[in-house]
Amino acid sequence: MKDKIIEKTIEMIETSNGDIADISIRKIAKELNIAVGLVNYHFGSKDDLIELCVERIIAKQVSIHKQSSSNDKKEIAYQTAIEVADYLWSNKAVSKISILSDLKKPNQNDNSMKSVRGMTFFLEDDSRKFDVFLLVSTMQTIFLKEDIVRDLGFDLSIKEERDRLMKYLVNKLLF
């Protein structure tokens, strides 16, 4: 039942484009035809359930980025950073929940660190993991401060600008 609750909640998050304001424990229970208490028993609160679901959504997204047919490490880094930036932009509410949750409760298995581990695949070895950590952290900050970034010359709402910024960051931090 716990997995069904998670699956239904993920489905609701994705169909609401990450806007969790209208998702409630009561709605989840109604969709699954179960008691509200069962959802609360397994997850404690809506926030805890949403954070777990967002973690799974992001983990799935990170695993997708590992698939590349290119052997050019720089090109793989560019494409991975661009795909992550596009995901952040296209899924603003989910991304914001994930980033802020990681900042509140940082640990080795949070979404940020999963992203770091997921993005190190294009490097020769793990010795540059801190550089990738800097890249991920910078991308998250840029996403959260999009208005300031716009004033600094990059409009994240324009795909070409996001791509240009990601290439700039990859060059500065990794190559």
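Start with the largest nonpolar core, which has 29 residues. Select Met139, Leu165 and Met166; these touch the most other members. A nonpolar core here is a set of buried Ala, Val, Leu, Ile, Met, Phe, Trp, Tyr and Cys residues joined through side-chain atoms within 4.5 Å. Buried means under 20% relative accessible area, exposed means over 50%, and partly exposed is in between (1.4 Å probe, protein chains only).

The model is predicted: local features need pLDDT of at least 70, side-chain atom pairs count only at pLDDT 80 or more, and totals for chains, interfaces and linings use all residues. Residues are numbered from 1 along each chain as its sequence is written, and side-chain values use heavy atoms, with hydrogens and water left out.

Now color α5 (73-90), α7 (111-119), α8 (129-144) and α10 (159-174). Each supplies at least two residues of the largest core. The largest share, 9 residues, comes from α5. Helices (H or I, at least four residues) and strands (E, at least two) are DSSP runs, numbered from the N terminus.

Zoom in on Met139. What is Met139 in contact with, leaving aside its neighbours within four places in sequence? The list is Ala81, Val84, Ala85, Leu88, Met166 and Leu169. Contact means heavy atoms within 4.5 Å.

Another core lies apart from the largest one.

**Ser95**

Select Ser95, in helix α6 (residues 92-104). Ser95 is buried, at 1% relative accessibility. Not counting residues up to four places away in sequence, Ser95 touches Tyr87, Leu88 and Phe143.

Go to helix α2 (residues 25-32). Which residues of α2 are buried? They are Ile25, Ile28 and Ala29. These residues sit on the same side of α2, because they cover an arc of only 95° around the axis. The arc is that of the directions from the helix axis to the C-beta atoms. An α-helix has 3.6 residues a turn, so residues three or four places apart point the same way.

The face turned away from its buried side carries the exposed residues Arg26 and Lys30. Then select Asn33, which follows α2. The phi of Asn33 is positive, near 60°.

Select Val36, in helix α3 (residues 36-43). Val36 is partly exposed, with a relative accessible area of 26%. Val36 touches Ile25, Arg26 and Ala29, not counting residues up to four places away in sequence. For a sense of scale, draw a distance from the C-alpha of Val36 to that of Leu135: 41 Å, for residues 99 apart along the chain.

Stay in α3 for Leu38. Leu38 is partly exposed, at 31% relative accessibility. With Leu38 they form a nonpolar patch on the surface, about 340 Å² of accessible area together. Patches are made of residues with over 30% relative accessible area and no salt bridge; like charges are joined within 9 Å, nonpolar side chains (Val, Leu, Ile, Met, Phe, Trp, Tyr) within 5 Å. Accessible areas come from the Shrake-Rupley method with a 1.4 Å probe; for residues, only the protein chains shown count as cover.

**Salt bridges**

How many salt bridges does a search of the whole structure find? It finds 14. A salt bridge is a side-chain nitrogen of Lys or Arg within 4 Å of a carboxyl oxygen of Asp or Glu.

Select Lys8 and Glu11. Their side chains meet in a salt bridge, 3.1 Å from N to O. The two are about one helical turn apart, because they are 3 residues apart in helix α1 (residues 2-15). Lys8 is buried at 14%, whereas Glu11 is partly exposed at 42%.

Next, select Asp86 and Lys159. Their closest N and O atoms are 2.7 Å apart. This pair links distant parts of the chain: Asp86 is in α5 and Lys159 in α10, 73 residues apart. Asp86 is buried, at 17%; Lys159 is partly exposed, at 32%.

Arg162 is buried, with a relative accessible area of 7%.

Last stop: select Lys92, Glu146, Asp147, Arg150 and Asp155. A network of salt bridges links these residues.
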